[in-house]
Amino acid sequence: GYGVVYFTEQMLHSIGQDIKGKTVAISGFGNVAWGVALKVNELGGKVVTISGPDGYIYDQEGISGEKIDFMLELRARGDNKAEAYLEKYPKAVFHKGKSPWEAKVDIAIPCATQNELNEQDAKNLIANGVICVTEAANMPCTLEAIKLFLENKVLFAPGKAANAGGVAASGLEMTQNSIRLNWTSEEVDARLKDIMVGIHNQCKKYGAEDDGYVNYVKGANIAGFVKVADAMLAQGVV
């Protein structure tokens, strides 16, 4: 979740903007959504939605502090219904059977499941002025939704790039094990940010278009291909 937000931050920086002061819609309320919510708040943004299979919660005051901890509490007790959020925070609004992508926000970060954000959801987000969509789950956006984001020049980060933080953090854990050294959480977080900034820069390098828009889907695909091709050449495979 942290890596996803760092990638989002870099995309916004590329157009001269920042997460601070932005409203953010997220889906789900598991570990990834928890991490996203924590880091968005740390960087000055405001998370206003979480969701479950029963619908979504809209909290105009923002989901921060103990509210984020309550997300994990619900998950730990096996309650995957978003409506349970109202037990402690009745001022929030529950939208039964609806998707959080109908809410008016600056940033959308799908964190729940595959194909959860479809073409109609994309139309809703675009109509409401969304400027950035970052995949935090495995392929949460349908192909039709992605096409609309790209056609409308919305900043869109595919999970293959934006969601690399999980694997990166595992790599950092393996490094610590190999060198018999423990890093603080702050050190790991800083190294993770450096990794995500590097991934973003490679995607931007290969995805930049003539009008200044960055197609991060193209950029991620080309950057990945180049990295594998360079490795094959270096090893004498081709």
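Helices H2 and H3 (residues 66–76) pack at an angle of about 175°, with their axes 10 Å apart. This arrangement makes H2 roughly antiparallel to H3, a class that covers angles over 145 degrees, whereas angles under 35 degrees count as roughly parallel, 65 to 115 as roughly perpendicular and the rest as oblique. The axes are lines fitted to C-alpha atoms, for helices over the stretch in contact, and the angles run from 0 to 180 degrees between N-to-C directions. Helices (H or I, at least four residues) and strands (E, at least two) are DSSP runs, numbered from the N terminus.

The model is predicted: local features need pLDDT of at least 70, side-chain atom pairs count only at pLDDT 80 or more, and totals for chains, interfaces and linings use all residues. Residues are numbered from 1 along each chain as its sequence is written, and side-chain values use heavy atoms, with hydrogens and water left out.

**Contacts of H2**

On the H2 side of the pairing with H3, the residues involved are Asn 31, Ala 33, Trp 34, Ala 37, Leu 38 and Asn 41, which meet Ile 68, Asp 69, Met 71 and Leu 72 in H3. Contact here means heavy atoms within 4.5 Å. Asn 41, found in helix H2, touches Val 47, Ile 63, Ser 64 and Ile 68, not counting residues up to four places away in sequence. At 26% relative accessibility, Asn 41 counts as partly exposed; buried means under 20% relative accessible area, exposed over 50%, and partly exposed in between (1.4 Å probe, protein chains only). The C-alpha atoms of Asn 41 and Tyr 206 are separated by 31 Å, and the two residues lie 165 residues apart along the chain.

H2 (residues 31–42) also packs against H1, at an angle of about 45° and with the axes 7 Å apart. That angle makes H1 oblique to H2. H1 passes H2 in a right-handed crossing; a crossing is right-handed if the near helix is turned clockwise from the far one by less than a right angle, and left-handed if anticlockwise.

Helix H1 comprises twelve residues (residues 2–13), and at 1.5 Å a residue it should span 16 Å; its end C-alpha atoms are 17 Å apart, which agrees. The expected span is 1.5 Å times one less than the number of residues. Ten of the twelve residues of H1 are buried, so the helix is largely enclosed by the rest of the structure. Among these buried residues are Gly 3, Thr 8, Glu 9 and Gln 10, together with Phe 7 and Met 11.

The largest nonpolar core has 44 residues, of which Phe 7, Ile 26, Val 36, Ile 50, Tyr 85 and Ile 109 touch the most other members. H1 gives the most to this core, with six residues. A second, separate core of 22 residues includes Ala 103, Ala 122, Val 133 and Ile 146. A nonpolar core is a set of buried Ala, Val, Leu, Ile, Met, Phe, Trp, Tyr and Cys residues joined through side-chain atoms within 4.5 Å. Tyr 85 touches Ile 50, Ile 57, Asp 59, Ile 63, Lys 67, Phe 70, Leu 74 and Ala 92, with residues up to four places away in sequence not counted.

**Partly exposed and exposed residues**

| Residue | Relative accessible area | Class |
|---|---|---|
| Ile 126 | 22% | partly exposed |
| Asn 128 | 23% | partly exposed |
| Lys 153 | 41% | partly exposed |
| Arg 180 | 72% | exposed |

Ile 126 has its place in helix H4 (residues 119–127). Neighbours within four places in sequence aside, Ile 126 is in contact with Leu 148, Phe 149, Asn 152 and Val 154. Its C-alpha atom is separated by 21 Å from that of Thr 113, 13 residues apart along the chain.

Asn 128 lies in the loop between H4 and strand S6 (132–134).

Two residues other than glycine have positive phi values. Lys 153, in the loop between helix H5 (143–151) and strand S7 (155–157), has phi near 60°. Arg 180, in the loop between helix H7 (165–179) and helix H8 (185–207), has a positive phi of about 55°.
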